[in-house]
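I'm opening my notebook for a new chain today. The plan is to look things up one by one and jot down what I find.

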Amino acid sequence: MANDSGNMTMPMPTPSPPSAYNTQSIVYMPMMQMSFFWGKDVVVLFSGWPGSGRLGMYILALAVVFLLAVAAEVFSVAPNFKPRGGRPAAGAAVYAALYGVRMTLAYFVMLAVMSFNVGVLLVAVAGHVAGCFAVKYRALAAVARAVDAP
């Protein structure tokens, strides 16, 4: 078909009738927040948790994220397993299990931060800092006791 300027154009296809669509299979997904924001109306880790408009549940979610971050830092200290009786596989299995727990905790913290809530981000960082402080304080206190011992 030619338009007024003489250019050839393709005709637009006609849309199929609405009855051709199966409206029962359409799933509507709510839009997620994709930039940092303040507020207590957030989804952390699980759908519907902590719930919208509930300050107490939001504070509980922040406490859980804080404890997850502290636990991830505590599990980051790799204990030295000495195999007993020539069984290095047992020590390696315990080490691998602790590593799996640590990685699970770290991924939960990462997913919580991906809620893009500034409060969750600040609490996760504070949890990592507190966990690092606790681990390093314990190690430095042990060294100080060893140096001061007669």
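Predicted model: local features only at pLDDT ≥ 70, side-chain atom pairs only at ≥ 80, totals over all residues.

**Entry 1: the whole chain**

I started with burial: 18% of the 150 residues in the protein chain are buried. My cut-offs are these: buried is under 20% relative accessible area, exposed is over 50%, and partly exposed is in between, with a 1.4 Å probe and protein chains only. Residues are numbered from 1 along each chain as its sequence is written, and side-chain values use heavy atoms, with hydrogens and water left out.

Next I looked up the elements, and I got 3 helices and 0 strands. Read from the N terminus, the order is α-α-α. Helices (H or I, at least four residues) and strands (E, at least two) are DSSP runs, numbered from the N terminus.

I also checked the surface, which comes to about 11,500 Å², with 69% of it belonging to carbon and sulfur atoms. Accessible areas come from the Shrake-Rupley method with a 1.4 Å probe, and for residues only the protein chains shown count as cover.

Then I looked at contacts (heavy atoms within 4.5 Å). Among those with a separation of 6 or more, 61% are between residues 24 or more positions apart.

**Entry 2: helix H2**

The expected span is 1.5 Å times one less than the number of residues.

Which residues of H2 are buried? I found Gly91, Leu105, Val109 and Ala112. Their cover includes helix H1 (55–74) and helix H3 (118–148).

Val94 lies in H2 and is partly exposed because its relative accessibility is 39%. Its C-alpha is 9.9 Å from that of Pro79, 15 residues away in sequence.

**Entry 3: the loop between H2 and H3**

Is Ser115 buried or exposed? Ser115 sits in the loop between H2 and H3, and it is buried because its relative accessible area is 10%. Leaving out neighbours within four places in sequence, Ser115 is in contact with Phe37, Val42, Val43, Val44 and Val120.

Phe116 lies in this loop as well. It isn't a glycine, yet its phi is positive, about 65°. Most residues other than glycine have a negative phi. I noted Leu45 for a positive phi as well, about 70°. Leu45 is in the segment before H1 and is partly exposed, at 24% relative accessible area.

**Entry 4: H3 and H1**

H3 has 31 residues and reaches 44 Å from first C-alpha to last, close to the 45 Å expected. Its buried residues include Val118, Val120, Ala124 and Gly131. H1 and H2 are among what covers the buried residues of H3.

What does Glu73 touch? Glu73 is in H1, and it touches His128, Gly131, Cys132 and Val135, not counting residues up to four places away in sequence. The C-alpha atoms of Glu73 and Cys132 are 5.8 Å apart, although 59 residues separate them along the chain.

**Entry 5: the record**

I checked UniProt, where an unreviewed entry lists residues 55–77 and 116–135 as "transmembrane region". Its positions are given in the numbering used here, feature names are shortened, and annotations may be inferred rather than shown by experiment. In the model, residues 55–77 are 87% helix and 0% strand, with end C-alpha atoms 34 Å apart. Residues 116–135 are 90% helix and 0% strand, with ends 28 Å apart, C-alpha to C-alpha.
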